[in-house]
Amino acid sequence: VGKKVQAIYLWWHKPIIDEELLLSLPNLKVIANSGVGMDHLDLKLVASFGVKMANAPRAVSSTTADAGMALLLASARRLVEVHNISVSPSMDYCEADILGVKVSGATLGIIGMGRIGYKIAVRAKAFEMNIVYHNRTRRKVQEEQAVSATYCKKIDSLLQQADFVMLVVSLTPQTRRLIGKRELELMKPTATLINISRGAVVDQEALVAALQTGVIRAAALDVTSPEPLPRDHALLKLKNVIITPHLGIKTDKATYMITEEAVENILAALNGLPLPSEVLPS
């Protein structure tokens, strides 16, 4: 049926788009992705076949921002640890051993202030957090003022100030291992790293060492590299880590909206119209 296929809807990176598949689909016009990140696609290869590409930023931004804030709050108040204590047979604990950290009044550093990053800032303002951010391009002054956010031109300045560092960047050659040993050592020893972008944005070996030695307080990760981690991975053995299985977009409503947005892009491509969420190769 290769000649009949005009569109592909990618769900969770499947099917794998490679040269062999593209050669087998001579009438393919568009690939619509079920999410924002496009790092699993060779954009230049796809474009060389004259195929358009689209993602689903509108559908996933709010639910991913919710997931980021959920991880921040869960880590700050050590919810996984105290849940395990609460359901344990003995419920034996010392209150001093389960003290969390205060969120209101703390400084949140957002690395990547795109659509999702900005929605996180809106939520963080409601929690009375101080917001600093780093982005390739600075937001408009009125947008900064709306969430009381301060721009950090240098990522080092953000890392040194923040009590919570939230990663919300796309995975590119420039952001791969963006956070490594040097960057972790710039953070406060009381700081928490939250990653809702891609696992490869963080040097995981450096993160394990930082968590084991107290370079930073904790980490909350919705993404790892690989996914899932091997069952014997050091991150899985640490109490000061929360790991979730890439659930940023996984809500019933978001799943429905993602499909709607993909269909909208597919129909536009098939009818020769501009794609609402077209992604171009850089």
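Helices (H or I, at least four residues) and strands (E, at least two) are DSSP runs here, numbered from the N terminus. With that in hand, residues 69-248 come out as 33% helix and 16% strand, with the end C-alpha atoms 11 Å apart. This is a predicted model, where local features need pLDDT of at least 70, side-chain atom pairs count only at pLDDT 80 or more, and totals for chains, interfaces and linings use all residues. Residues are numbered from 1 along each chain as its sequence is written, and side-chain values use heavy atoms, leaving out hydrogens and water.

**Annotation**
- An unreviewed UniProt entry puts "domain: D-isomer specific 2-hydroxyacid dehydrogenase NAD-binding" on residues 69-248. UniProt positions follow the numbering used here, feature names are shortened, and annotations may be inferred rather than shown by experiment.

**The sheet**
- Seen across the open sheet, the 7 strands go S6-S5-S4-S7-S8-S9-S10, with parallel pairing; two strands pair if DSSP finds at least two bridges between them.
- Strand S6 (149-151) and strand S10 (241-243) are the edges, each with a single partner strand, so one side of each has no neighbour in the sheet.
- On average, neighbouring strands of this sheet are turned by 15° against each other, direction ignored. For angles, axes are lines fitted to C-alpha atoms (for helices over the stretch in contact), and values run from 0 to 180 degrees between N-to-C directions.
- Helix H9 (residues 204-213) packs on the sheet, touching strand S8 (192-195), strand S9 (218-221) and S10, and its direction makes about 140° with that of S9. Contact means heavy atoms within 4.5 Å.
- At the S6 end, strand S5 (residues 130-134) runs parallel to S6 and is joined to it by 3 bridges. Ile 131 has Ala 149 in S6 as its bridge partner.

**Salt bridges**
- The count is 12 salt bridges, taking one as a side-chain nitrogen of Lys or Arg within 4 Å of a carboxyl oxygen of Asp or Glu.
- Arg 138 and Glu 144 pair up at 2.8 Å, N to O. Arg 138 is exposed at 52% relative accessibility, whereas Glu 144 is buried at 8%. The cut-offs are under 20% relative accessible area for buried, over 50% for exposed, and partly exposed in between (1.4 Å probe, protein chains only).
- Arg 182 and Asp 156 form a salt bridge at 3.0 Å, N to O. Arg 182 sits in helix H8 (residues 181-186) and Asp 156 in helix H7 (residues 155-161), so the pair ties together parts 26 residues apart in sequence. Both are partly exposed, Arg 182 with 46% and Asp 156 with 25%.
- Arg 177 and Asp 203 form a salt bridge at 3.4 Å, N to O. Arg 177 is exposed at 53%, while Asp 203 is buried at 16%.
- Arg 58, Glu 261 and Glu 264 are linked in a salt-bridge network.

**Nonpolar cores**
- A nonpolar core is a set of buried Ala, Val, Leu, Ile, Met, Phe, Trp, Tyr and Cys residues joined through side-chain atoms within 4.5 Å.
- The largest has 31 residues, and those with the most contacts inside it include Ile 111, Val 165, Ile 179 and Leu 207. H7, S7, H9 and S9 each supply at least two residues of this core, with H9 giving the largest share, 5 residues.
- Beyond its neighbours within four places in sequence, Ile 179 is in contact with residues including Ile 111, Leu 159, Leu 193 and Asp 203.
- A second, separate core of 29 residues includes Ile 110, Tyr 118, Val 147 and Val 168.
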